Amino acid sequence: MPVPILKQRDYLIASIQAALSDEDLRKLRQALVAQVGEFRSRGVIVDVTALDVMDSFAARTLRDLAHMSRLRGAETVIVGIQPEVAFAMVQLGLTLQGVTAALDLEEGLTYLNRKTRQRKRAK
Amino acid sequence: MRDGARDLAEETVVPIKVDSDIVTARQQGRALASLVGFSATDATLIATAISELARNIVLYATRGEIALTAVENGGRPGVIVVARDKGPGIPDLRRATAGGYSTSGGLGLGLAGVRRLMDEFEIVSEVGTGTTVTARKWKQ
Amino acid sequence: MVEARAKAPFRPSTGPTDDLLSELVAHLRENRTQLREEWARRITEGKLLTAMSPDEVFAEATAVYDNYLEALETGSIEALETYARNLSERIIPRGVETHEVVGIVLLLRDLLARSLFAKYRADFTQLNRVLDAYEPAANRIANTVAVGFVQERERIIRQQQEAIRELSTPVLPVRERLLILPMIGIIDPQRARQLTEQLLRGIRINRAKVVVIDITGVPAMDASVANHLVLTVEASRLLGATVIVTGLSPEIAQTLVNIGVELGKMNTVGDLQGGIEEAERLLGYRVLPIPEPPSEA
């Protein structure tokens, strides 16, 4: 089941469903990176509210996504990690180092807006 | 031999071959955990451990199975997760399961992480024959 | 910890002993009424089960007696185990203590043994054979009931501790988007974990962006709890919240360093006051004093 990607001006928003297989995650990452290039997006939000388990593969994929998007000029934010999932993740040693996380979509957008403004000013 | 623990129900076996089986295994695991009465947090820990174990099977052994059982020991309910495969086996078990505190970002086999998530953890592995990981979690 | 517990029935498989057990169970059943009454009397005399009325004691005595005989007869203690746990669940809230439960079971064991002495006293050899059959079985039963009671008690105590923990670890929303978690006392791994769960839920519910964890009131922390603190900081970040740790004593700082934490990377401030100020700064607040109203001319 492909994950729908929404384009909201400069940002891409993807909402992940619960039963996402490895292949689906891989495809999502590829699609997002491609679209970042195509639309010259400035930000990517991945909403994992519905994800009930974040294991090492999912964490690695999200890290790769953030890295590849940054290379193409987009900032990535992961939003909606559930408290139980966050707890399990850190026990497993998955800290998503180098990836920005925010509470929810609203916070994610606030963060991206701030980051984009900063970048504009820096130019 | 389960050291006196008593089975509460039949064992559920999930065959692991393709990556969608990983999802099935962890969903079954979560369902069983909830049935046994684990909190949402503990059910997530169990499901996450299952996800890691199932993924190892897909990545390194091509196929195997995850067996889930609800048990009871001295009035305390729990679940036992057994991940079995006939894969290549793990040559350096000590290294694979090492890892005291989770300050490293290394992902590798995730076995050290699985050990942190569960209460009890045993692994038997022979190069050329296969690997069996047994992990248990008890309700607080 | 997993306890070892042999599941095999205790009845030895030799023929003559089987017959013997059946014989003595039959005797104990024949004299059921009289023995049971004697037992109930001794329980009251010994001031055991004082939390229960004589009628209740008699009713339970009947159930225990019958379960006891069944266990002796069948060699299976499962029915007895279930009954013991069931009984414990009922009497523990009434204030019945371990020594009372162990006391009444031992009383019954001895009472039945005496009855057997009386019956077989003429034949010493036979008496010995009877006791050889009876004693291990009776001791196993006493053990089962006592252990069942104690386990049930432990389960209830754990439940109560859980409830107390829930009540005594407040996560305080102080300002908008700011949470304070004061940790007080000795933290054991279980409490640490519960604190983390409550904090993470609190971050989500209050939409907190900054959390101040104050450990001024924590005298010492072992490595596992210190590690837990680190995990809490990391998990909070995954929910978009920054954690400031205040009140770090030199000892705890050392423990953190020992487990490999780079203190420079952890956001720590001296005391709670300083932590709150730092938090406000992060949130973009500036606290100004209200200017004095101009004095009346």
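**Helices and the contact between chains A and B**

The contact between chain A and chain B takes 20 residues from chain A and 24 from chain B, two residues being in contact if their C-beta atoms, placed from the backbone, lie within 7 Å. On the side of chain B that touches chain A, helix H1 (19–36), H2 and helix H4 (111–117) each supply at least two residues; helices (H or I, at least four residues) and strands (E, at least two) are DSSP runs, numbered from the N terminus. H2(B) gives the largest share of this side, 9 residues. By type, the side of chain B that touches chain A comprises 7 nonpolar, 11 polar and 6 charged residues; Ala, Val, Leu, Ile, Met, Phe, Trp, Tyr, Cys and Pro count as nonpolar, Asp, Glu, Lys and Arg as charged, and the others, Gly among them, as polar.

The model is predicted: local features need pLDDT of at least 70 and side-chain atom pairs count only at pLDDT 80 or more, while totals for chains, interfaces and linings use all residues. Residues are numbered from 1 along each chain as its sequence is written, with chains lettered from A and ligands numbered from 1 in the order in which they are written.

Helix H2(B), residues 40–61, has 22 residues and reaches 31 Å from its first C-alpha to its last, close to the expected 32 Å; the expected span is 1.5 Å times one less than the number of residues. Because 18 of its 22 residues are buried, H2(B) is largely enclosed by the rest of the structure. A residue is buried if 20 or more other C-beta atoms lie within 10 Å of its own, exposed if 12 or fewer, and partly exposed in between. Thr62(B), with a positive phi near 70°, follows H2(B).

In chain A, helices H1 (residues 22–39) and H2 (residues 56–71) pack at an angle of about 10°, with axes 10 Å apart. The two helices are therefore roughly parallel, a term for angles under 35 degrees. The residues of this contact divide into 8 nonpolar, 2 polar and 4 charged.

In chain C, the buried residues of H10 are Gly275(C), Ile276(C) and Ala279(C). Seen down the helix axis, these fall within an arc of 100°, so they line one face of H10(C); the arc is that of the directions from the axis to the C-beta atoms. The face turned away from the buried side carries the exposed residues Gln273(C) and Arg281(C).

Note on methods. Axes fitted to C-alpha atoms, helices over the stretch in contact; angles between N-to-C directions. Parallel < 35°, antiparallel > 145°, perpendicular 65-115°, else oblique.
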